[in-house]
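Hi everyone, thanks for making time for this. I'd like to walk you through one structure, starting with the chains and ending with a single residue. Please have a look at it while I talk.

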Amino acid sequence: MEKTNNIEKTDKKEEASTHKIGIYLWIWTLLFVLSFFSYMVDWYQFQGMLRWSLILFFMFLKAGLIMAFFMHLFWERYALVNVLLWPMTAIACFIFLMAAEFQYTLFSRLFYFVVGGGA
Amino acid sequence: MSEPKIDGFELKPGFKGMASDTASDQTMFKGVHWGKAMMWIFLLSDTFVFSCFLISYMKGRGSTPVEWPNPSEVFALEAFGVPVPLLLIALMTFVLITSSGTMAIAVKYGYEKNRKMCGWLLLATALGGLTFVGMQAYEWSKLIHEGVRPWENPFGAAQFGSFFFMITGFHGFHVSIGVIFLFIYTYKVFAGHYEKGKKGWFTKLKGDYVEIEILGLYWHFVDLVWVFIFAFFYLW
């Protein structure tokens with residue numbers, strides 16, 4: 001009984017300690033700025049590798065900021081953070097598999113429907 | 001959040017802490033409310049659903065020999081007689097990030113038991129979400145009017161419509177559900193349910209401001225998904 005009481009007490013104390021508002025305002029501003037930059041990528045019609053790398057860079061930066069600070073993952077214990085982030089490697093594998101697959105499908109379509117096959 | 005303390009149990013930091021938390025024969029996620037852990041597990045599964053949609057879009061777009069419609073022309077909007085590329089999408093992004101910011105600060109005020117500020121910020125978040133859904137309805141009706149269908153469109157590859165409607169539709173559905181819950185929680189906060197100790201969702205236990213953080217996780221996730229849709233569908 002005494003133990004549960006202690007846990008309740010510490011829980012209460014914990015709730016009172018929140019983060020300063022400044023950190024949220026900073027992240028908020030950064031998200032606006034990054035969104036503006038990624039819109040500028042389209043505005044100036046960057047093409048090719050430059051376009052794709054900039055899009056991905058801004059995308060991952062925004063996603064990271066939202067997860068780390070707005071969703072509080074930066075302050076969570078590693079037990080939770082790792083349970084959430086390791087499954088993303090499965091998604092990365094799936095992307096690689098399907099990227100190989102679409103190249104093969106495109107090749108087959110061009111080879112048999114456009115070129116007319118090997119014969 | 002931050003540093004939980006449990007009597008008679010040493011909480012180690014970092015990866016050592018992860019190993020001892022996992023092997024502790026107790027709850028694995030120390031200092032994490034059960035509802036928050038469940039929301040995270042749900043969001044993880046939702047991540048997989050959205051990933052499958054976006055990956056199928058990558059596969060569809062990559063495997064067609066037909067030219068893909070140029071998104072910055074398809075989604076252009078006339079402003080003062082000049083077509084501005086992606087104008088509506090940029091505004092939608094702006095609105096969603098704004099509502100994400102108000103949500104984050106609402107969570108903070110919730111934990112500080114500042115009922116009024118928490119309620120007003122939740123209301124602002126809900127209105128932002130509602131604006132987003134309204135803009136999306138406009139975008140959909142505009143494209144449908146221009147002849148975009150899941151099986152054909154006048155701009156290019158026929159697969160464009162089905163991916164567009166499925167991905168943005170599923171995201172818009174998430175936003176709509178979020179807006180409904182934001183209004184419910186705005187009511188709960190203004191009515192003082194957490195001060196009176198009314199029972200929470202799916203439980204007989206007393207409700208608490210941690211529920212606002214759980215709702216916030218969902219809302220930030222909706223914003224997070226939009227970041228990926230914006231990058232892959234509209235900008236790519």
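Let's start with chain B, where buried residues make up 35% of the 236 residues. Please keep in mind that this is a predicted model. For chain A, the buried share is 14% of 119 residues.

What is chain B built from? It has eight helices and two strands.

Chain A has five helices and zero strands, and its pattern is simply α-α-α-α-α.

Now, how do the two chains meet? The contact takes 49 residues from chain A and 48 residues from chain B. On the chain A side, α1 (2-16), α2 (21-43), α3 (48-70), α4 (78-85) and α5 (88-115) each supply at least two residues. Which helix gives the largest share of that side? That would be α5(A), with 12 residues. By class, the chain A side divides into 30 nonpolar, 11 polar and eight charged residues.

Next, let's go inside. The largest nonpolar core has 63 residues. Helices from both chains take part: α2, α3 and α4 of chain A, together with α2, α4 (87-111), α5 (115-145), α6 (159-190) and α8 (210-235) of chain B, each supply at least two residues of this core. The helix that gives the most is α8(B), with 18 residues. Within the core, the residues with the most contacts are Ala106(B), Leu122(B) and Phe230(B). Take Phe230(B) and set aside its neighbours within four places in sequence: Phe230(B) is then in contact with Ile89(B), Thr93(B) and Leu235(B).

Since α8(B) has come up, let's see how it packs against α6(B). Two packed helices are described by the angle between their axes and the distance between the axes. Here the angle is about 155°, with the axes 10 Å apart. An angle over 145 degrees counts as roughly antiparallel, so α6(B) is roughly antiparallel to α8(B). The crossing of α6(B) past α8(B) is left-handed. On the α6(B) side, the residues that meet α8(B) include His171(B), His174(B) and Phe181(B); on the α8(B) side they include Tyr218(B), Trp219(B) and Trp226(B). By class, this contact has 14 nonpolar, four polar and no charged residues.

Finally, let's zoom in on one residue, Leu54(B), which sits in helix α2 (residues 34-63) of chain B. Is Leu54(B) buried or exposed? Count the other C-beta atoms within 10 Å of its own: there are 20. A residue needs 20 or more to count as buried, so Leu54(B) is buried. Not counting residues up to four places away in sequence, Leu54(B) touches Ile167(B), Phe228(B) and Phe232(B).

Methods: Residues numbered from 1 in each chain as written. Chains lettered and ligands numbered in written order. Predicted model: local features only at pLDDT ≥ 70, side-chain atom pairs only at ≥ 80, totals over all residues. Contact = placed C-beta atoms within 7 Å. Helix = DSSP H or I, 4+ residues; strand = E, 2+ residues; numbered from the N terminus. Nonpolar A, V, L, I, M, F, W, Y, C, P; charged D, E, K, R; others polar. Buried ≥ 20, exposed ≤ 12 C-beta atoms within 10 Å, placed from the backbone. Core = buried A, V, L, I, M, F, W, Y, C linked by C-beta atoms within 7 Å. Axes fitted to C-alpha atoms, helices over the stretch in contact; angles between N-to-C directions. Parallel < 35°, antiparallel > 145°, perpendicular 65-115°, else oblique. Left-handed = near helix turned anticlockwise from the far one by under 90°.
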